[in-house]
Amino acid sequence: MNPEPTQFDDPALKAALRRTLGGETAPQALRKRIAQALLAEHATEQQQPPGHTPRRWRLPLIGLAAAAVLLLGLGLVYTFAWNADRSVPPYFAMAMVETSRRSLGEDRARNAEHGIADPLANVPATDLAAARAKLRAELGHPVLVIDPGDGWTFQGASLSDVGGTRAARFVFTRGDATICVYSLSTGALGYRYKTKDGMTYSQTEGQYHISGFVRDGAVHCVVGSSSTGSLPLRQVTALRNLIRKAAETMSMGGSFESRGCPAPPRAS
Amino acid sequence: MKIHRDEFDRLALEHLDMLYRVGRRLTQDAARAEDLVQETYLRAFRARDDFELQEWGIRPWLVRIMHNVHFSRSQREKRQPVVVDDAHLDRVAGNKSAAWVPLDPTSFEGMDQRLAKAIEELPVEYQTVLLLWAIEEFSYKEIADAVGVPIGTVMSRLHRARARLCEKLHEYARKEGLIRE
């Protein structure tokens, strides 16, 4: 321990300072006010219940509780933000809509009328599993599609172009509703658009509902529309979730082809 | 050593005058000094469980609380617009005449008034150290503990405060013919 330095002394200065400032005393009113304030503090303390936590312990506890709530809040925000459906870039959405539009019955009929080759004819429409295997081999990335059941009829599959990117396209119809299921490389979203496995999308572009997800470097989207509004976004998203679930089952050792396929909910 | 609540009150209230003087130096205003003293007592009372009666007693601990309260308030006030009263504006406008203290050449009263004025012109940190050293008889260690600075800083502040006072008073004494050069 260091000894305290020698105290500097200047009796004359001290005496002058004492004469000048030493006479200042606290006013009586202040003395009274402080005595009353301290009495009030005593009274407040005595009113507190016996099990009352001392003040010095309470503050850190409040701090810890606040920190815990903050962390929980941040976790929830992060979880919700991560799980919430995003939107794909507009150019990508429009490209899928345009490709889907060409799949609609009217367009197909018009094509036939004008002798234009049916774009769905390039992959056999009779066997969904065979079409999926063929397109997967062509594209070199997973092609995820299932038979939606519930009255949907498989119309055919094709190797299509979505905004300049080759994509697997499967078309199903039910009454006036049509759905196209796409699988294409995430590169189609553009280099600025960061993707990660598990990301999901949901949005509506005009009459078309789009719902998709990213898995194994590919984006898988369901694009649906109906002329009478019988196919809401909710059903399109339900179908996307079925495909997603089937892909997860497959990755855990199940067979994509053999899995049962529950029907998506119908519009009320 | 922990002390009983009543003993704490007694010990703390013994130093009311000392705290008031320090408060006056820190705030430069009687009303604000009173508020500061009251706030210091309430804080000390609430934190008394943390107080340990050490060899130098309760005084540096109280001054330290006052110091902290004052500087927290100052920081807060710096971030807020300040209301300036007319009296203050008058003082600022007539600064030169207000600074001049009439002298009574027959006594040293004039010198003491001049000393009070010179002290007021020192930075608040110097005033506090000077007051604690000269009037309250704090040791360097106590002052260092009270104002939260190293002992070396206390010594240099004391040295500079004294030098500035000498300079100001020397000039005054020469002007008044109290000393010859």
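At what angle do the axes of helix 2 and helix 3 of chain B cross? I started there, keeping in mind that this is a predicted model.

**Entry 1: two helices of chain B**

I looked up helix 2 (residues 16-27) and helix 3 (residues 30-46) of chain B; their axes cross at roughly 125 degrees and come within 8 Å. Angles over 145 degrees would count as roughly antiparallel, and 65 to 115 as roughly perpendicular. Helix 2 of chain B and helix 3 of chain B are therefore oblique to each other. The crossing is right-handed.

Next I listed the residues that meet. Helix 2 of chain B brings B:L19, B:Y20, B:G23, B:R24, B:L26 and B:T27. Helix 3 of chain B brings B:A30, B:R32, B:A33, B:L36, B:V37 and B:T40. I sorted this contact by class: seven residues are nonpolar, three polar and two charged.

**Entry 2: helix 8 of chain B**

Is helix 8 (residues 124-134) of chain B mostly covered or mostly open? I found it mostly covered, with nine of its eleven residues buried. Among them are B:Y126, B:L130 and B:W133. B:Q127 and B:T128 are buried as well.

**Entry 3: where the chains touch**

I turned to the contact between the chains. There, 27 residues of chain A are in contact with 30 residues of chain B. On the chain A side, the elements giving two or more residues are helix 1 (11-21), helix 2 (28-47) and helix 3 (55-83). Which of them gives the most? Helix 1 of chain A does, with eight residues. By class, I noted twelve nonpolar, four polar and eleven charged residues on this side of chain A.

**Entry 4: the sheet of chain A**

I then traced an open sheet of six strands in chain A. Its order is 1-2-3-6-5-4, and the pairing is antiparallel. Strand 1 (153-162) and strand 4 of chain A stand at the edges. Each has a single partner strand, so one side of each is left without a neighbour in the sheet. On average, neighbouring strands are turned by 20 degrees against each other, direction ignored.

I checked one pair in this chain. Strand 2 (residues 165-174) and strand 3 (residues 177-185) of chain A are joined antiparallel over eight bridges. A:R169 has A:Y182, in strand 3 of chain A, as its bridge partner.

Helices pack here too. Helix 4 (residues 90-101) of chain A touches strand 1, strand 2, strand 3, strand 4, strand 5 and strand 6 of chain A. The direction of helix 4 makes about 130 degrees with that of strand 1 of chain A. Helix 6 (residues 128-139) of chain A lies across strand 1 and strand 2 of chain A, at about 10 degrees to strand 1.

**Entry 5: strand 5 of chain A**

How many residues of strand 5 (residues 208-215) of chain A are buried? I read seven of the eight, so the strand is largely enclosed by the rest of the structure.

I followed strand 5 to its partners. With strand 4 (residues 200-205) of chain A it pairs antiparallel over six bridges. A:S211 is the bridge partner of A:S202.

A:F213 stands opposite A:H220 in strand 6 of chain A. This hairpin also has two residues between the strands, and A:D216 takes a positive phi near 50 degrees.

Key. Residues numbered from 1 in each chain as written. Chains lettered and ligands numbered in written order. Predicted model: local features only at pLDDT ≥ 70, side-chain atom pairs only at ≥ 80, totals over all residues. Axes fitted to C-alpha atoms, helices over the stretch in contact; angles between N-to-C directions. Helix = DSSP H or I, 4+ residues; strand = E, 2+ residues; numbered from the N terminus. Parallel < 35°, antiparallel > 145°, perpendicular 65-115°, else oblique. Left-handed = near helix turned anticlockwise from the far one by under 90°. Contact = placed C-beta atoms within 7 Å. Nonpolar A, V, L, I, M, F, W, Y, C, P; charged D, E, K, R; others polar. Buried ≥ 20, exposed ≤ 12 C-beta atoms within 10 Å, placed from the backbone. Pairing = 2+ DSSP bridges.
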